[in-house]
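Subject: Structure handover

Hello,

Here is the structure I said I would pass on. My notes on what was found in it follow below.

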Amino acid sequence: MIPPDIAAVADYEPHARRRMGENAWAYVAGGAADELTLAENRAAFARLRLKQRVLTDMAGAGTRLSLFGQDYAHPVLVAPSAFHRLLHPEGELATATGASALQAGMVVSAQASLPLEAIVARASPPPWFQLYIQPDRAFTQALVRRAEAAGCTALVVTVDAPISLRNREQRAGFRLPAGVEAVNLRGAVPPPPAPPGEASEVFGSVQRGAPLWADIEALRRQTRLPLLLKGIMTPEDALRGLEAGADGLVVSNHGGRVLDGQPATIEVLEEVAEAVAGRVPLLLDGGIRRGTDVLKALALGASAVMVGRPVLHGLAVGGATGVAHVLKLLRTELEVAMVQTGCPSLSAITPDILWRPRGGR
């Protein structure tokens, strides 16, 4: 049951914290180092202002879009995140049920706590699969084949997390509880151990199996699925991704979890969009808490957005119903914002709806 005081997505957070306990909360809520980028993802959205437009004809208004040949009811997707059974007994099955109720796209994490095939069977529209390229490249290829056979319709390769430090998790002594694991990664061969006397644990660990651009090019040759790269924060990497064969890009700083001190995703989106120039779909995650945030991302060049922590908050509080409610709130707020800014369709959402000081970009 949804608590009666919840009227907006952010209202789920305090309820979720109480239900999760400190161990799970440290994992879900934590960011890298001092969590500056984590906070900036939200603050940057708040700094953007909208222009209201009045008396616009909204006949035939809607939020439908198509991505990689699949139609979606709206541009809010569930971002990939690990270990949903940490938050609810039904785990990713509850998330898939809630997302399907709102006809929302879902990206299944490689670190899901339930088998990939079971999650895909529950999801409608068919989900995408998020992949970390494993040190064992043969295991990676086998995992891609599983995703293809299960019915996933795109691959989302996370490229920005070869290593990170999350102090909140360290202070909480985070450990996965018994019975929760990345079941789809069973059998993966870990990277080789450090040689005796290795000078740097950090550099050494990255050198022993972290992916390179050549791995993206190889993966492009190995799969028929559309291939998206998640973790793009610069025009240079966006263009390199296109050269490597990416069919889509996700502007993402991993929710502020991998490198502290970098800008918010919404701050770099426009520059990346200008470099990509419409050649492939561009998505964004990080900091989405309102339908107006979705509108702002679309105005600056995103085709759609992915939502992570708010979905987990809804899952922890209300299971599938909580997930559906979070997505419903965001969709409804997006529709209201479209009406108030005079945008009857997603294609009508342009940078012109953003208020900028004279002389500003």
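A residue is called buried here if its relative accessible area is under 20%, exposed if over 50%, and partly exposed in between, with a 1.4 Å probe and protein chains only. On that basis, 54% of the 361 residues of the chain count as buried.

Two remarks on the source. This is a predicted model, in which local features need pLDDT of at least 70 and side-chain atom pairs count only at pLDDT 80 or more, while totals for chains, interfaces and linings use all residues. Residues are numbered from 1 along each chain as its sequence is written, and side-chain values use heavy atoms, with hydrogens and water left out.

The chain as a whole

The chain holds 12 helices and 12 strands. Both are DSSP runs numbered from the N terminus: helices are H or I with at least four residues, strands are E with at least two. The C-alpha trace spans about 70 × 45 × 40 Å along its principal axes.

A contact means heavy atoms within 4.5 Å. Among contacts between residues at least 6 apart in sequence, 73% join residues at least 24 apart. The chain exposes about 15,700 Å², of which carbon and sulfur atoms supply 54%; accessible areas come from the Shrake-Rupley method with a 1.4 Å probe, and for residues only the protein chains shown count as cover.

Aromatic rings

A pair of aromatic rings is described by the distance of the centres and the angle of the planes. Rings of Phe, Tyr and Trp (its six-membered ring) pair if their centres lie within 6.5 Å; planes under 30 degrees apart count as stacked, over 60 as edge-to-face and the rest as tilted. A search of the whole structure finds four such pairs.

One of them is Tyr 27 with Phe 83, a tilted pair at 5.9 Å centre to centre and 55° between the planes. It links distant parts of the chain, 56 residues apart: Tyr 27 is in helix H1 (residues 12-29), and Phe 83 is in the loop between strand S4 (76-78) and helix H3 (91-101). Both Tyr 27 and Phe 83 are buried.

Another pair is Tyr 72 with Trp 128, whose ring centres are 6.4 Å apart and whose planes are at 85°, so the pair is edge-to-face. Tyr 72 lies in strand S3 (residues 70-72) and Trp 128 in strand S6 (residues 128-131), so the pair ties together parts that are 56 residues apart in sequence. Tyr 72 is buried at 2% relative accessible area, and Trp 128 is buried at 2%.

Ring pairs also join Tyr 27, Phe 83 and Phe 174 into a cluster. The charged end of Arg 257 sits over the ring of Tyr 27, 5.0 Å from its centre; this requires NZ of Lys or CZ of Arg within 6 Å of the ring centre and within 35 degrees of the ring normal.

Backbone details

Phe 83 has a phi near 55°, a positive value in a residue other than glycine. Leu 55 is not a glycine either, and its phi is positive at about 60°. Leu 55 lies in the loop between strand S1 (49-50) and strand S2 (65-67) and is exposed, with a relative accessible area of 85%. The peptide bond from Ser 124 to Pro 125 is cis, with omega near 5°. Pro 125 is in the loop between helix H4 (116-122) and S6.

Helix H9

Which residues of helix H9 (residues 235-243) are buried? They are Pro 235, Ala 238, Gly 241 and Leu 242. These cover an arc of only 120° around the axis, which puts them on the same side of H9; the arc is that of the directions from the helix axis to the C-beta atoms. Glu 236 and Glu 243, on the other side of H9, are exposed. The cover over the buried residues of H9 includes helix H8 (213-222), strand S8 (227-232), strand S9 (248-251) and helix H10 (265-276). After H9 comes Gly 245, with a positive phi near 105°.

Regards
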